[in-house]
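Subject: Structure for your review

Dear colleague,

Please find below the sequence and structure that I am handing over to you. My findings follow directly after them.

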Amino acid sequence: MNKKAQDKCDILIIGAGPAGSSAALKAAQEGAKVILIEQKKEIGVPVQCAEYIPVQLTTAVGLRDDLLVQEIHFMRTYLPNGEVKETESIGYITDRDRFDQHLAEKAEEAGAVIRKDCKAEIPLNPPLLKGEIGRLKAWEGGLSDVEVIEGGKRYFIEAKIIIGADGPRSTVGRWIGVENKEFVSAKQYIMPLKFEMDYTEVYFRDYIKGGYGWVFPKGNKANVGVGIDISFGSEPSEALDRFADELFKSGKIEKKILNSTGGLIPVGGLVGTRKDNILLCGDAAGQCNPITGAGISNAVLCGSLAGEISAKAVIDDNLDILSEYDEAVEELVAHSINHAVEKRRYLQQHWGRDTLSEALKTCWIAFEGYYGENNKHGGSEIEWELQ
Ligand SMILES: Cc1cc2nc3c(=O)[nH]c(=O)nc-3n(C[C@H](O)[C@H](O)[C@H](O)COP(=O)(O)OP(=O)(O)OC[C@H]3O[C@@H](n4cnc5c(N)ncnc54)[C@H](O)[C@@H]3O)c2cc1C
């Protein structure tokens, strides 16, 4: 097989979701030569998201007004025992496809080269990266070659640093032996709302095991979905139909499916940040919140850090600088994610039992019991939370 690289850059970023585009933006702004590849023909399509973003994120990424589709003021939580709790939750529902495209356009404007319909392949045999796959050697001033397929054409891209921002089932993660193992499987319909809402709704039901049902409004429609922990052995389609039926009977939605989508959410917590010159960010690194399933904010935050620190390492020609990324993730997001993992483990024991509602009072973000002493901000001022 011809291993000759046909393109080269300082930093190759794999996956143009919020993490990858944020990494590309920062790295290009810092002066690195960046290539961002995305396997889809159109970035952000199809949408696999309930599309809620907290207000802090909109400011952080300088989001255009036309992407703030629906204002959200609070969240209403429904417990299985009939209790309802309202909590402040300032944010927006966006159009996730246009949101992702917006981030990618900003990266491109900063100088990143974007290749769509371009997929990084899993190196099989022989290994396609220099060093040994799974046991990659240190930088040694060397480069890594990644084989990609762009519109059917195979070639190699040579890079000093690789950033894997390729989502929950990360190929790059597999290269370095870092994989998400626990997932919630989500399915969602877009359905007409009977009345407009400026709040989100979250429903805990025993038939939605290990997750929850949601109604996230968008004008006269809503994203209506469920996420189910796959370790319970059930799948989300049946639960979603039952949930939609419950909402229809309560007079909230019309029984009409305008569109449907779904996807996986990694809920096992942080799986790793880096091996030598290969970094992971966003869902690929398990950086979404295992209790809420929200991952856009941390993907943007950690992607930006990965991009900025990688550019610094390239410019200073010093791979050791990459350890700053590990430290930043530890400092900024590890506390809240580890906390959510603990809550998730505790909650796991209460599904199918009449203790579920009480357990949720210490395990769901709407309740003070979730945070405990000094936990409200997860130890970091700049951290963005779902609510
Ligand atoms: C149904 C659902 C609802 C959700 N709702 C919300 C919500 O309301 N709010 C929230 O904050 N979070 C939500 N999330 C979670 C959120 O979508 C993720 O946390 C977020 O998308 C993570 O961003 P990312 O950039 O890490 O990964 P992704 O957005 O998954 O992007 C990864 C990109 O990499 C590309 N890719 C993968 N493999 C390759 C390859 N080999 N070569 C090239 N490209 C590749 C993919 O095509 C994709 O575009 C939801 C998730 C699901 C499934």
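How far does a backbone N or O atom of Gln39 lie from a nitrogen atom of the ligand? The distance in this predicted model is 3.1 Å.

In total, 34 residues surround the ligand, and the closest are Ala19, Glu38, Ala50, Arg96 and Asp283. Two of these residues can be described further. A polar backbone atom of Ala50 is 3.0 Å from a nitrogen atom of the ligand. Asp283 takes part through its side chain, where an N or O atom is 2.8 Å from an oxygen atom of the ligand.

The loop between strand 2 (34-37) and strand 3 (52-54) contains Pro46. The peptide bond that leads from Val45 to Pro46 is cis, and its omega is near 0 degrees. Glu51 is found in the loop between strand 2 and strand 3 as well. Its phi is near 75 degrees, which is a positive value in a residue other than glycine.

I also examined a pair of helices. Helix 1 (residues 18-29) and helix 6 (residues 296-315) have axes that come within 7 Å and cross at roughly 35 degrees. This crossing is right-handed. On the side of helix 1, the contact is made by Pro18, Ala19, Ser22, Ala23, Lys26 and Ala27. Helix 6 contributes Ile296, Ala299, Val300, Gly303, Ser304, Gly307, Glu308 and Ala311. Sorted by class, the residues of this contact are eight nonpolar, four polar and two charged. Ala19 belongs to this contact and is also listed with the closest residues to the ligand.

Finally, a word on confidence. The protein averages a pLDDT of 90, and 89% of the residues score at least 70. Over residues 124-142, however, pLDDT stays under 50, and the model has 37 contacts beyond four places in sequence for them. Residues 376-387 also have a pLDDT below 50, with 36 contacts in the model beyond near neighbours in sequence. Where pLDDT is low, predicted coordinates should not be read in detail.

Yours sincerely

Technical notes. Residues numbered from 1 in each chain as written. Predicted model: local features only at pLDDT ≥ 70, side-chain atom pairs only at ≥ 80, totals over all residues. Heavy atoms only, no water. pLDDT = per-residue confidence, 0-100. Contact = heavy atoms within 4.5 Å. Axes fitted to C-alpha atoms, helices over the stretch in contact; angles between N-to-C directions. Helix = DSSP H or I, 4+ residues; strand = E, 2+ residues; numbered from the N terminus. Left-handed = near helix turned anticlockwise from the far one by under 90°. Nonpolar A, V, L, I, M, F, W, Y, C, P; charged D, E, K, R; others polar. Near = heavy atom within 4 Å. Polar contact = N/O pair within 3.5 Å; in protein donor to acceptor, adjacent residues only side chain to side chain.
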